[in-house]
Amino acid sequence: MTIKFLLPLAAFGLTTALAGPAAAEKIANKVAVFTGLDKITGRTIDFDVYVDETVRFGTLRVTPKVCYSRPATEAAETDGFVEVDEITLDNEIKRIFSGWMFAASPGLNAVEHPVYDVWLIGCRMDSDIPPPVANSVEVRVAVSNQTAGGAGNVDDGAPVVLTFVGGIPLPPDKPSMPTMMMEEAAPEPPAEAGTDGQILD
């Protein structure tokens with residue numbers, strides 16, 4: 001074979017190898033699903049947030065801008081662009097995170113906060129939580145979507161009131177434990193005089 005004949009074949013093979021398989025189409029979802037962790041109490045909840053809606057979890061305000069998934073025929077790959085603000089002790093709002101979160105690797109691009117963690121776990125097209133009213137600026141409190149009675153009936157996003165010593169939060173008081181002491185037994189009635197414990201007819 002001549003070099004003139006081999007060059008076009010080599011160029012075609014290189015172009016095909018570089019092109020590779022077609023990239024899977026991303027699916028833009030309407031709802032992002034997050035897990036929130038309160039590091040003080042150890043409590044975690046899963047909660048839904050509509051794209052462009054802001055939801056409060058503890059002192060954090062979570063706003064997903066996009067939430068992408070892949071078709072079921074492709075390898076699972078979920079990511080979203082998320083903004084997280086903190087409500088400070090001075091009641092000011094401070095941006096602490098703005099970037100991509102990846103459901104498969106939550107630690108890759110994580111929110112840095114001493115008390116709360118929030119990470120993306122999935123995307124959905126709908127939710128049992130009612131969508132926000134158009135042009136509303138109201139910030140909804142995160143509610144669990146894992147409750148037995150259906151989503152939205154447990155207020156899990158209320159902040160825990162903490163005491164700070166030297167900038168370090170103290171754990172809240174633990175709820176009182178139920179007493180394990182047995183109730184005092186009722187005293188037995190005294191035996192009738194002269195029976196000496198015998199059973200009388």
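This is a predicted model: local features need pLDDT of at least 70, side-chain atom pairs count only at pLDDT 80 or more; totals for chains, interfaces and linings use all residues.
Guide: Helices (H or I, at least four residues) and strands (E, at least two) are DSSP runs, numbered from the N terminus. Residues are numbered from 1 along each chain as its sequence is written, and side-chain values use heavy atoms, with hydrogens and water left out.

Visitor: How many helices and strands does the chain have?
Guide: One helix and eleven strands. From the N terminus, the order is α-β-β-β-β-β-β-β-β-β-β-β.

Visitor: How do I read a sheet, and in what order do the strands of the open one stand?
Guide: Strands of a sheet pair through backbone hydrogen bonds, either parallel or antiparallel. Two strands count as paired if DSSP finds at least two bridges between them. Here, three strands form an open sheet in the order β3-β2-β8, with antiparallel pairing. The edge strands are β3 and β8 (116-124), and each pairs on one side only. Neighbouring strands of this sheet are turned by 25° against each other on average, direction ignored. For such angles, axes are lines fitted to C-alpha atoms, for helices over the stretch in contact, and angles run from 0 to 180 degrees between N-to-C directions.

Visitor: How many bridges join β2 to β3?
Guide: Seven bridges join β2 (residues 31-38) to β3, and the two run antiparallel. Look at V33: D48 in β3 stands opposite.

Visitor: Which side chain makes a polar contact with that of D48?
Guide: A polar contact is a pair of N or O atoms within 3.5 Å; within protein, one must be able to donate a hydrogen and the other to accept it, and residues adjacent in sequence count only if both atoms are side-chain atoms. The partner of D48 is the side chain of N145, at 2.6 Å. N145 sits in the loop between β9 (140-141) and β10 (163-165).

Visitor: Is N145 buried or exposed?
Guide: Buried means under 20% relative accessible area, exposed over 50%, partly exposed in between (1.4 Å probe, protein chains only). N145 has 19%, so N145 is buried. A32, in strand β2, counts as buried because its relative accessibility is 1%. Of the 201 residues of the chain, 30% count as buried.

Visitor: What should I look for in phi angles?
Guide: Most residues other than glycine have a negative phi. D52 is not a glycine, yet has a positive phi of about 70°. D52 is in the loop between β3 (44-50) and β4 (55-57), and is exposed at 51%. N91, also not a glycine, has a positive phi of about 60°. N91 lies in the loop between β6 (79-87) and β7.

Visitor: Which residues make the nonpolar surface patch?
Guide: W100, F102 and L108 make a patch of about 300 Å². Like charges are joined within 9 Å, nonpolar side chains (Val, Leu, Ile, Met, Phe, Trp, Tyr) within 5 Å. Accessible areas come from the Shrake-Rupley method with a 1.4 Å probe; for residues, only the protein chains shown count as cover. F102 belongs to strand β7 (residues 93-102), and is partly exposed at 33%.

Methods: Patches are made of residues with over 30% relative accessible area and no salt bridge: like charges are joined within 9 Å, nonpolar side chains (Val, Leu, Ile, Met, Phe, Trp, Tyr) within 5 Å. A salt bridge is a side-chain nitrogen of Lys or Arg within 4 Å of a carboxyl oxygen of Asp or Glu.
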